[in-house]
Amino acid sequence: MTVSSRAGVLARFGHALSDPTRCGLLLALRDGPAFPADLADALGQGRRTRYELADQRLAHALSDLVELALAIDATTACPVDSSGAC
């Protein structure tokens, strides 16, 4: 291993230690693997993010786009709903 590659490894490790959350994760993982939700609980760092479409008209436009793409690509399997649409 060259000096340059060793320096890169050390720099990445230093970067991991430069953030308190990453340090907490590293310390929590000393005992073994853990699921993200368990780590969030243990560190008190849990975040919940809620996503939604900025405009509900996008839902209709996306549905139309999917139906158009499926109509153009006749080889794509399309489950048909009660209205006969995909």
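This is a predicted model: local features need pLDDT of at least 70, side-chain atom pairs count only at pLDDT 80 or more; totals for chains, interfaces and linings use all residues.
Biologist: Is aspartate 38 buried, partly exposed or exposed?

Modeller: Aspartate 38 is partly exposed, because its relative accessibility is 43%, and that class lies between the 20% and 50% limits.

Biologist: How far is aspartate 38 from alanine 28?

Modeller: In sequence they are ten residues apart. In space, the C-alpha atoms of aspartate 38 and alanine 28 are 10.0 Å apart.

Biologist: What about the accessible surface of the chain?

Modeller: The total is about 7600 Å². Carbon and sulfur atoms account for 62% of that surface.

Biologist: Next topic. How do H1 and H2 pack, parallel or perpendicular?

Modeller: Helix H1 spans residues 3-17 and helix H2 spans residues 20-28. Their axes are 6 Å apart, at an angle of about 100°. Angles of 65 to 115 degrees count as roughly perpendicular, so H1 and H2 are roughly perpendicular to each other.

Biologist: Which residues meet there, between H1 and H2?

Modeller: From H1 they are His15, Ala16 and Leu17. From H2 they are Arg22, Cys23 and Leu26.

Biologist: How many salt bridges does the count come to?

Modeller: The count is one salt bridge. Arginine 57 pairs with aspartate 55, and their closest N and O atoms are 2.5 Å apart.

Biologist: Are those two exposed or buried?

Modeller: Arginine 57 is exposed, because its relative accessible area is 65%. Aspartate 55 has 28% relative accessibility, so aspartate 55 counts as partly exposed.

Biologist: Where is leucine 53?

Modeller: Leucine 53 is in the loop between H3 and H4. With 34% relative accessibility, leucine 53 is partly exposed.

Biologist: What is leucine 53 in contact with, apart from its neighbours within four places in sequence?

Modeller: Leucine 53 is in contact with Leu58, Ala59 and Leu62.

Biologist: Which residues form the nonpolar patch on the surface?

Modeller: The patch consists of Leu53, Leu58, Leu62, Leu65, Leu68 and Ile72. Together they have about 580 Å² of accessible area.

Biologist: Which helix holds isoleucine 72?

Modeller: Isoleucine 72 is in helix H4, residues 57-72.

Biologist: And why is isoleucine 72 called exposed?

Modeller: Isoleucine 72 has a relative accessible area of 67%, and exposed means over 50%. Leucine 53, also in the patch, is partly exposed at 34%.

Terms used: Residues are numbered from 1 along each chain as its sequence is written. Side-chain values use heavy atoms; hydrogens and water are left out. Patches are made of residues with over 30% relative accessible area and no salt bridge: like charges are joined within 9 Å, nonpolar side chains (Val, Leu, Ile, Met, Phe, Trp, Tyr) within 5 Å. Accessible areas come from the Shrake-Rupley method with a 1.4 Å probe; for residues, only the protein chains shown count as cover. A salt bridge is a side-chain nitrogen of Lys or Arg within 4 Å of a carboxyl oxygen of Asp or Glu. Helices (H or I, at least four residues) and strands (E, at least two) are DSSP runs, numbered from the N terminus. Buried means under 20% relative accessible area, exposed over 50%, partly exposed in between (1.4 Å probe, protein chains only). Axes are lines fitted to C-alpha atoms, for helices over the stretch in contact, and angles run from 0 to 180 degrees between N-to-C directions. Angles under 35 degrees count as roughly parallel, over 145 as roughly antiparallel, 65 to 115 as roughly perpendicular and the rest as oblique. Contact means heavy atoms within 4.5 Å.
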